[in-house]
Amino acid sequence: MNFIILLVFLFLFYWSVQFYLFDLSIGNVEIVPSIGILTILLFSVFVVDFIVKRNKLTGTNSFAILFFTLLFVVFPETLGDNNAIFTSFFLLLAMRRLLSIKSLKNIKLKIFDAGLWICISSVFYEWALLYLLLVFAAIYIYDPKNIRNWLVLLSVGFCFFMILYGILVLLDKPNFILDHYDFAIDYSAIFPIKWWTSLKMTLYALFNMALAFSAFVNLSKSGVGKVITLRLIAFSFVIGLIVNILVTSDNNNAVMITFFPSVVFIVNYLQSIKKPKFLELILIASIMVPIIVFVTKL
């Protein structure tokens with residue numbers, strides 16, 4: 001039931017953003033691409049729920065998907081960036097495989113899968129390749145002595161290049177790789193700094209840092225395993241912030257790639273609250289405040 005409510009809300013909110021925030025007219029809507037993008041967005045909610053429950057990052061509640069959805073209300077402009085939606089989705093798939101390495105089973109296969117998903121995400125934003133640092137970190141943490149684990153990433157790069165180049169030849173776009181992977185930075189979009197966007201991002205980053213610190217303190221009592229997992233998630237948040245800055249332009253806003261680690265921090269903090277009434281108050285405020293702010297900006 002919670003899934004249905006949140007998916008319906010996200011569906012309606014997506015179109016509200018397109019029509020009211022971006023002033024898109026019904027006549028300009030491309031039905032098939034929009035359905036595909038919206039499907040990926042909605043399916044991301046299922047992936048988030050699967051990851052947090054499979055890896056026991058949170059309790060058996062729906063807080064994770066609730067706050068994942070609410071973060072779109074806080075940053076509605078990111079729904080206008082189709083590349084961000086696809087990048088975020090493939091990075092979620094990569095994170096799913098990375099976090100499962102802790103079982104120490106089929107490590108090389110999981111490294112390959114995670115690396116390949118990250119490479120695929122880079123088709124939409126080339127700077128997403130920075131997430132390969134997360135793969136290196138996972139290898140270093142879980143099984144650094146096996147040299148074959150490190151060599152897997154070379155095979156990932158080769159396979160991705162061959163598959164991508166083959167597809168581009170068929171599409172008659174062989175120059176895409178050189179044009180796309182130029183790792184350019186649009187400084188004119190970053191500077192001068194827009195005070196509202198910068199303030200919101202700064203508060204968002206500081207808020208998550210505080211929650212991450214709280215989560216580390218609380219989980220330190222639960223064993224080393226959870227702390228290591230949380231370190232990877234915190235590292236992914238930092239990489240996400242950097243990538244979001246690097247890809248920023250007038251048409252790009254990739255902050256949603258940081259939503260998953262943010263959700264983990266938020267939910268872990270909420271689960272540490274012992275007073276039910278205080279928890280209910282925070283939940284009500286978390287739902288109402290973003291919606292009110294969004295409505296007042298329309």
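Visitor: In this predicted model, which residues is F260 in contact with, once its neighbours within four places in sequence are left aside?

Guide: With those neighbours set aside, F260 is in contact with V48, I51, V52, L57, F68, L92, M95 and L99. As a general idea, nonpolar side chains in soluble globular proteins tend to be buried together. In this structure, the largest nonpolar core has 101 residues, and F260 belongs to the group, with F67, F72, F259 and L270, that touches the most other members. Helix 4, covering residues 82-99, gives the most to this core, contributing 12 residues.

Visitor: How should I read the packing of helix 2 and helix 4, and at what angle do their axes cross?

Guide: In general, two packed helices are described by the angle between their axes and the distance between the axes. Here the axes of helix 2 (residues 31-54) and helix 4 come within 10 Å and cross at roughly 25 degrees. Because angles under 35 degrees count as roughly parallel, helix 2 is roughly parallel to helix 4. The crossing of the two is left-handed. Among the residues that meet are V48 and I51 from helix 2, and L92 and L99 from helix 4. Sorted by class, this contact has 14 nonpolar, two polar and one charged residues.

Visitor: Turning to N268, is this residue buried or exposed?

Guide: N268, which is found in helix 12 (residues 259-271), has a relative accessible area of 11% and is therefore buried, since the cut-off for buried is under 20%. Apart from neighbours within four places in sequence, N268 is in contact with L57, T58, A215 and L219.

Note on methods
Residues numbered from 1 in each chain as written. Predicted model: local features only at pLDDT ≥ 70, side-chain atom pairs only at ≥ 80, totals over all residues. Heavy atoms only, no water. Helix = DSSP H or I, 4+ residues; strand = E, 2+ residues; numbered from the N terminus. Buried < 20%, exposed > 50% of the residue type's maximum accessible area, 1.4 Å probe, protein only. Contact = heavy atoms within 4.5 Å. Core = buried A, V, L, I, M, F, W, Y, C linked by side-chain atoms within 4.5 Å. Axes fitted to C-alpha atoms, helices over the stretch in contact; angles between N-to-C directions. Parallel < 35°, antiparallel > 145°, perpendicular 65-115°, else oblique. Left-handed = near helix turned anticlockwise from the far one by under 90°. Nonpolar A, V, L, I, M, F, W, Y, C, P; charged D, E, K, R; others polar.
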